[in-house]
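Q: Please take a close look at the aromatic pairs of this structure. Which rings pair, and where do they lie?

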Amino acid sequence: MSSPASDARAGSAESAYPAAPTLRLRLMASGLDRPEGDRTLLPGDDASKLAMIQKRVRKGDAEAINHLGDGYYSGELGLAKNVPRAIELWTEAAELGSLDAHYSLGFVYYNGIGVEEDKPMGIHHWQQAAMEGDVYCRHMLAAVEYKDNGNYELATQHLMVSAKMGYQVSLDGIKDMFKEGHATKAQYAEALLGYRDAVEATKSPQREEAKRLTN
């Protein structure tokens with residue numbers, strides 16, 4: 001399902017309308033990520049998917065509310081495209097703890113998509129998720145500092161955090177900044193070592209199986 005957050009997880013955060021489903025939704029489709037121990041496969045038709053999501057929405061499931069917002073944002077699941085409604089749902093999901101919802105809210109507020117542009121509000125949402133360990137929001141904070149503010153030192157700091165959490169896009173960003181003279185060789189080396197450690201730490205038979213099923 002398309003949303004700003006799913007686009008980030010697909011590795012192309014510049015596009016407003018991504019094509020790839022979120023990792024969580026793909027895992028749900030494989031029965032690998034179910035709240036409350038439910039491992040039933042996600043149904044294939046839109047009406048059944050929507051019914052399942054709405055059932056979880058009624059239970060106050062933050063990720064289900066976020067997914068419903070994704071559906072309104074992209075006009076999927078048989079829903080008419082309605083960005084203001086998507087923003088309402090993402091706001092509710094973010095209040096319940098959805099980091100994907102924070103990412104999407106940051107994206108639409110920062111860029112003025114379906115809502116009046118409010119860059120401070122967009123940054124606020126990315127900051128909230130970054131503080132909870134979301135690498136994609138951390139990377140977006142780096143992009144703001146690099147592209148919009150010209151604060152290369154702070155951009156490097158953000159990128160180092162997300163690179164050390166295993167996010168290759170951030171590692172590539174530090175590499176580019178090093179080539180441009182905006183980051184030091186020591187910073188790039190530190191980020192590279194941290195990235196490698198993070199990748200090694202997350203490798204497991206279960207992770208490799210999930211990767212096989214979701215690709």
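A: In this predicted model, a search of the whole structure finds six aromatic pairs. One of them joins Tyr103 and Trp126, whose ring centres are 6.3 Å apart. Their planes meet at 50°, and the pair is therefore tilted, since an edge-to-face pair requires planes over 60 degrees apart.

The position of these two residues in the chain deserves attention. Tyr103 belongs to helix H6 (residues 99-111), whereas Trp126 belongs to helix H7 (residues 119-131). The pair therefore ties together parts that are 23 residues apart in sequence. Tyr103 has a relative accessible area of 0% and is buried. Trp126, at 1% relative accessibility, counts as buried as well.

A further pair is formed by Tyr136 and Tyr167. Their ring centres lie 5.0 Å apart and their planes stand at 75°, so this pair is edge-to-face. Tyr136 is located in helix H8 (residues 135-149), while Tyr167 is found in the loop between helix H9 (152-163) and helix H10 (168-180). The two residues are 31 residues apart, and their pair links distant parts of the chain. Both Tyr136 and Tyr167 are buried.

Definitions and conventions
Residues are numbered from 1 along each chain as its sequence is written. This is a predicted model: local features need pLDDT of at least 70, side-chain atom pairs count only at pLDDT 80 or more; totals for chains, interfaces and linings use all residues. Side-chain values use heavy atoms; hydrogens and water are left out. Rings of Phe, Tyr and Trp (its six-membered ring) pair if their centres lie within 6.5 Å; planes under 30 degrees apart count as stacked, over 60 as edge-to-face and the rest as tilted. Helices (H or I, at least four residues) and strands (E, at least two) are DSSP runs, numbered from the N terminus. Buried means under 20% relative accessible area, exposed over 50%, partly exposed in between (1.4 Å probe, protein chains only).
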